[in-house]
Every structure is written in C-alpha cells, then in structure tokens.
Amino acid sequence: RATVAPLADTVTAFELAGMLRAAMPAVVALATSRAIATLEAALALTSADVVPTVVWLGEGVPPASRFPCVVPPAAGSVAITAACFDPPPPSSIVTCHFTYKGLGRPLGVLHRYSSYAVAVDAMIAHHPGADEGPHLVVLPMHPVYGLVSGLMAPLALGVTLVVSRLGAGAQLLDALVDHQTRVACLVPPLLSTLASAARKRPDLAKRVHARLDLASGGSVLEDSVADAVHASLGREVIQGYGTTETLPVLAGRPGRVVRGTVGLPIRDDVRVAVLDVNGDPLARGARGAIAISGPTLLARYLDDEANTRFVVGGAFRTGDLGHVDEGGHLVFYGRALPFTKSFGQMVDLRELEDVACQFAGVIAARAVASSDERLGECVDLTVRVATPGAFQARDLKAHLRASLSAYKLPRNLAVVGGSS
C-alpha cells in the first residue's frame, strides 16, 4: 500500500523542493501542466538523481516532460470490488503531511491508519445529530483539519458533502441556506466574513438549519469573531485545537462551549500536559508548554532532528503555550517557537527570513507573528539593507512571491538601513 502525501496545488518550486528532499517520492500524481512545470523546477533545485513517475490525472494527453508518465484507466473501465474498500492494518503508515516548526524547512509527519480511525470516531461521538443534513466543505484537503473534518468524518457518517471553494461570506451564507447545511467546519477569517454577511442579511440568516453546527479550527478564534457569529446567526462556534502531529486532539462540543478555551480532550486516553522549562508537569492553572500524548499521535517525522526535539518520552511537544483550567479545558496563549498560522496553514518564520536574506542587498531579516481582527494571524517582516536608497521593496516582494505560497507572504514589510 502507498503512503499518500497530499499537497496544495499552489505550492511553489522552492517549497516543493524541500518536500522532495524529505520524502523522495517514487510517484507524483498531477493534473495540470503548471504542476508538471513546478515539479521540473523543484527537482532542479534538489539535484536529485531519482526521477519520480508521474500519474497524469488531468484532461487529455499529458504535456511532454522528462518524467515517466502513467495515465490511469478511464472511470468505469476497472471493476470495483469489495476488497478495494478493505481497511489497511491499523499500524500501517497511510499519510505524510508536511508542516513547519520553526526549523526553516518542511517536516514530513507520518500517521498510522489507527490514528485517523480514533480521530474520526471521536469527532462523530462529540457531534450527535451530525448525520441529519449535508456538511459544507470549503477547506483544502491537504491539511489534516480539512481532511479529517471535511472528508473523513462526513463520509464515515454517510452524509452528503457540499464541496465548494467559497471565499466570500455572502456565498457561504447562501450555501448554508440553500443546502440546509447541518455542519460547516471553517477557519476564523471565513467565520468573520460569514458573520458580516449574516449581519447585512438578517432575514436570510434566520433561514439556516435549525441545528447548524459551526466549527472553527486551523488557528485561534478571537472572541470578537465568536461574538459576531453569535450575534448575527445565534450560533456558538465550536472551537477546536489540534496539530498536524496530533490530529484534532481537542474539540469543543455543541452546547458545551466554554468561551476562551479550545475545549476538552476528545477521549480519556488523549492526554494534555502543560510543562515547565525543565519538561516537568505543571499544576492546573499554571502557564507552560503544551504537550500531547495518546492514540492520535504521529508515528514519526521524516526528520531526525524533529523526532529528537519534539517527541520526548512518548509525548509530542507542540511548541504552543497554554494552561489547563479547573474544568480540564485547555486555554491557548500563543507559540514559543518561530512559527504561526495564516488562514489555518503553517507559516515558518525562519523560512520567510531565510528566503528574504537570499535577495540581493538584504543583510538581515526578522519575521514576527501579528494578529488582525479580520484576517486572524498574520506575519510582518522587517529587513535590514546596506543601501536603503538603492533598495526596491517591490523587487523583494516579487522575490518572496516567487518562492513562497501566498498565505506565507508578510502583511507588512518594513525596510531599515544600517549594518548592525
């Protein structure tokens, strides 16, 4: 059986090169000529001797390239048998998701089939009645949040999926009403635009499903956004917390949301600890580093340094800060490592700094996470240059756009002069 590594179709050649170095895939499935060109450019950056086979999923004849190419049989030409749906052994490694932890490079995270089974079963158990109507799916499937909440759990329930790439709040509101959506798992920026649309169209907002569940994940949900959703739609947003390495280890529950927290562990054997600087557990209420252990934990990283640094004594050290309140709810404060999230996707601040420093004239760079009420978590970048008068910020921005995905780009760019 293959291990699948889902990637965004907007990944750049620079980003893909780091993933190819880590995973060294034998097969790459592509559907556009742009994707093949990106793969060509990424391989050139890696100097790899191994050339993967391309499985062409696009329309028509695949474009010419140096890759061996396989075109799968047309739909309906291959018999589908019951054996095709047999689950793999529980301990099988089934996925490799890439994430960032402030090391300046992508980290491949391997998960077992059993971890997904636990996560899906727990999500279903915590959302009774989620099979009463369609689920709206608008998030990408390459992050684990979108994959588990938007595909695996709904399919396990047997519900109808309404799949769309909706970006505007008005479109989201229309979809919720038109399809009488029962569950929608979103990220804070989408919830913010949805609340704005509902506030402008109150009559339409009253027509959403009577038991609509709105969940938030991927990044921190600000109280102001939760308040706006409640005021405009009458719904308390279910705030979840998880990481690529742990799947959705924590989740609020409909009707039991505790504002200001990210919820309770999804199962008794999913354990959340808060540690001091020496790695010793702290008492409830004390602020420290969040560590997770239990059956949803990653099998391992593809990176030896990450395995040593982040998985200690069978527990995953998330790089996040928080405390556990007296009711067992986790309160999230922020991050201790140089990474953040933008639109629910990981941004490595060191990677951004390294890419900026590759540009001619930049002698140092500093990226910091910031918060925006509308956009949620963002990144600001300051660069130091030797000759400010001759430096063109727009050229640096073009360099960053060519190397990094749009969600990693800084919201604000400041240029300062001097050599120290």
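**View 1. Asp380, a buried partner in a salt bridge.** Asp380 is buried, with a relative accessible area of 17%. This close-up, like the others, comes from a predicted model. Arg411 is the partner of Asp380 in a salt bridge, and their closest N and O atoms are 3.4 Å apart. Arg411 has a relative accessible area of 34% and is partly exposed. The cut-off for buried is under 20%, so Asp380 falls into that class at 17%.

**View 2. Glu132 and Arg211, a salt bridge between distant parts of the chain.** The two side chains meet at 2.7 Å, N to O. Glu132 lies in the loop between helix H3 (113-125) and strand S6 (135-137). Arg211 lies in the loop between helix H7 (202-205) and strand S9. The two residues are 79 residues apart. Glu132 is partly exposed, at 41% relative accessibility. Arg211 is also partly exposed, with a value of 41%.

**View 3. The network around Glu132 and Arg211.** Glu132, Arg182, Arg211 and Asp213 form one network, joined by salt bridges that share partners. The count for the model comes to 16 salt bridges.

**View 4. Arg267 and Asp269, a salt bridge at 2.6 Å.** The distance runs from N to O between the two side chains. Arg267 counts as partly exposed, at 31% relative accessibility. Asp269 counts as partly exposed too, at 27%.

**View 5. An open sheet of seven strands.** The strand order is S7-S6-S8-S9-S10-S11-S12. Pairing in this sheet is mixed. Strand S7 (161-163) is one edge, and strand S12 (264-265) is the other. Each edge strand pairs on one side only.

View 6. Strand S8 (residues 183-186) pairs with strand S9 (residues 213-216) in the parallel sense. Four bridges hold the pairing. Leu186 stands opposite Ser216 of S9. Helix H6 (residues 188-200) lies across both S8 and S9. The helix runs at about 140 degrees to S9.

Technical notes
Residues are numbered from 1 along each chain as its sequence is written. This is a predicted model: local features need pLDDT of at least 70, side-chain atom pairs count only at pLDDT 80 or more; totals for chains, interfaces and linings use all residues. Side-chain values use heavy atoms; hydrogens and water are left out. Two strands pair if DSSP finds at least two bridges between them. Contact means heavy atoms within 4.5 Å. Axes are lines fitted to C-alpha atoms, for helices over the stretch in contact, and angles run from 0 to 180 degrees between N-to-C directions. A salt bridge is a side-chain nitrogen of Lys or Arg within 4 Å of a carboxyl oxygen of Asp or Glu. Buried means under 20% relative accessible area, exposed over 50%, partly exposed in between (1.4 Å probe, protein chains only).
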